[in-house]
Amino acid sequence: MNEQIVILDFGSQYTQVIARRIRECKVYSTIIHYNTPAADIAKMNPSGIILSGGPSSVYAKDAPLPDKAVFKLGIPVLGICFGLQVMAKYLKGKVERGQKREYGKGTLRVKNTRCRLFDRLPQELQVWNSHGDKLTRLPDGFKSVATTENSAFAAIEHARARFYGLQFHPEVVHTPKGKKIISNFVHNICDCGRNWTMRHYVDQAVEDIRTQVGRERVILGLSGGVDSSVAAALIHKAIGKQLTCIFVNNGVLRANEAAVVKEVFGRNFRVKLHYEDATDLFMRKLRGVTDPEKKRKIIGNTFIDVFQKATRKVGKAKFLAQGTLYPDVIESVPIGGNPAALIKSHHNVGGLPEKMKFDLIEPLRCLFKDEVRQLGTELGLPKEIVMRQPFPGPGLAVRILGEVTPGRCEILRNADAIVVEEMKANKLYYKIWQSFAVLLPVRSVGVMGDERTYDYTIAVRAVESKDGMTADWVKLPYKVIETLSTRIINEVDGVNRVCLDVSSKPPATIEWE
């Protein structure tokens, strides 16, 4: 890899978003631990270094700080939020707790239009802030480039040293011109070309998988969703018959899921496929459980138990492959041991029991959903699989608020099938990020056929997103909403009321649990 940008990760939940933005610039990016020695970084021969954001304060006793020699490598450096504050601390600037937090949308006013970081950008930009500390004295040799309502040093530069700092987050979608800012750093300041593509990722991933696996066998949990399907295709490309896919019917799948998976992968995809029906086991384990975290843990643990027993039927394997994506990782565990916050556990991240007898292989761990779709297309998978909307690993269990029972699963499964049918019929399914039904633990009085009913409520959730990190609710046409309500109430036994979820992420998450 001739050109790359190295990102020092200080525990930000958006570090991988930075890496992704760089890849969108067709430049390879690598995330490393914040305290990696400068000598090791130099051996990587990066074209530039980015210091990520993070939840800490630079003046805290246990603040994560990099090797100070990073600033003596003669390599361009861009500090983002906490990264800017690290730069200031080491280069004789000053950071203090702000009297007012700067969070959410803000307006950036560029004072120095000759700054290469803001080349061909307007003098006023919408940016996204998320910080309480602020720079109060410039480091030696630096100049203020731009300001916000609450900061005189929202963007700073040391042009001769090629050091730059941003107090806002250019990597998130709420900074609309942020990708251009990152592109300017990567191309104008670091002098990188535009040579890295998804094909390069495939080649590198195949090489990495072969190196990790060797001659051992791999088992993959195939659900039929985008993530596991693309992971299966990628691993199969790397090691062929060393891969065996196991499909577990956990009783909380979408309508006709089992039949579709067996048809597509068993017959057409020609991958070794073992089918395991564990519906009764999962339902028994979930009986009486209402806490969403417990549901996820139970499903994760039971999933592995079923796998361990299934291996006795298909033969021993050293590796368990999963379609874990980066949003799963950053919501579930600290990145690289850094102090990131837990949002919620995911069955294929935080729900794995310590006694698991497999080594993990997660070839999609550093990708977002849209990148996985690009990867699937590159691997030749059909649109019906590649463009399928996301479905959570714990399935309908986290879309049923309250206890999971076979009866409630059937209600939600039927309602969800109607949502999918109508979204496809109205040519909306492939245009938006996600649309699905949620069964609420709410029963209300209704009148159907002149008789009193006391049935459940279904919430319809439809969101638009680019990477799953943030999302806005979709303003569905009234006709579609009307049809969804009418069909669900008329066709699904046990439902007499339909609601529309009009919350965005943040503050809500896409899934309800």
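Modeller: Buried means under 20% relative accessible area, exposed means over 50%, and partly exposed is whatever falls in between (1.4 Å probe, protein chains only). You're looking at a predicted model, where local features need pLDDT of at least 70, side-chain atom pairs count only at pLDDT 80 or more, and totals for chains, interfaces and linings use all residues. Residues are numbered from 1 along each chain as its sequence is written, and side-chain values use heavy atoms, with hydrogens and water left out.

Biologist: Let's start with a helix. Which residues of α13 are buried?

Modeller: Helices (H or I, at least four residues) and strands (E, at least two) are DSSP runs, numbered from the N terminus. An α-helix has 3.6 residues a turn, so residues three or four places apart point the same way. In α13, the buried ones are C409, I411, L412, R413, A415, D416, I418, V419, E422 and M423.

Biologist: How far does α13 reach from its first C-alpha to its last?

Modeller: The expected span of a helix is 1.5 Å times one less than its number of residues. With 20 residues (406-425), α13 is close to its expected span, reaching 28 Å.

Biologist: Which elements are included in what covers the buried residues of α13?

Modeller: Contact here means heavy atoms within 4.5 Å. The cover for the buried residues of α13 includes α8 (279-286), β15 (434-448), β16 (451-464), α14 (478-491) and β18 (495-500).

Biologist: On to the rings. How many aromatic pairs are there?

Modeller: Rings of Phe, Tyr and Trp (its six-membered ring) pair if their centres lie within 6.5 Å; planes under 30 degrees apart count as stacked, over 60 as edge-to-face, and the rest as tilted. By that rule the count of aromatic pairs is 8.

Biologist: What does the pair of Y28 and W196 count as?

Modeller: The ring centres of Y28 and W196 are 6.0 Å apart and the planes are at 55°, so the pair is tilted. The two sit in distant parts of the chain, 168 residues apart, with Y28 in strand β2 (residues 28-33) and W196 in the loop between α4 (178-189) and α5 (198-213). Y28 is partly exposed at 22% relative accessible area, while W196 is buried at 8%. So, back to your question: 55° makes the pair tilted.

Biologist: And what about F71 and F163, what is that pair?

Modeller: Their centres lie 5.7 Å apart with planes at 75°, so the pair is edge-to-face. Both F71 and F163 are buried. In short, the pair is edge-to-face.

Biologist: Which side chain makes a polar contact with the side chain of D472?

Modeller: A polar contact is a pair of N or O atoms within 3.5 Å; within protein, one must be able to donate a hydrogen and the other to accept it, and residues adjacent in sequence count only if both atoms are side-chain atoms. D472 is in strand β17 (residues 472-473) and is partly exposed at 44%. Leaving aside neighbours within four places in sequence, D472 is in contact with A462, V463, E464 and S504. The polar contact, at 3.5 Å, is with the side chain of S504.

Biologist: Last one: which cysteine has the sulfur nearest to C115?

Modeller: A disulfide is a pair of cysteine sulfur atoms within 2.5 Å, and the structure holds 0 of them. C115 is in no disulfide, and at 2% relative accessibility C115 is buried. The nearest cysteine sulfur is 13 Å away and belongs to C190.
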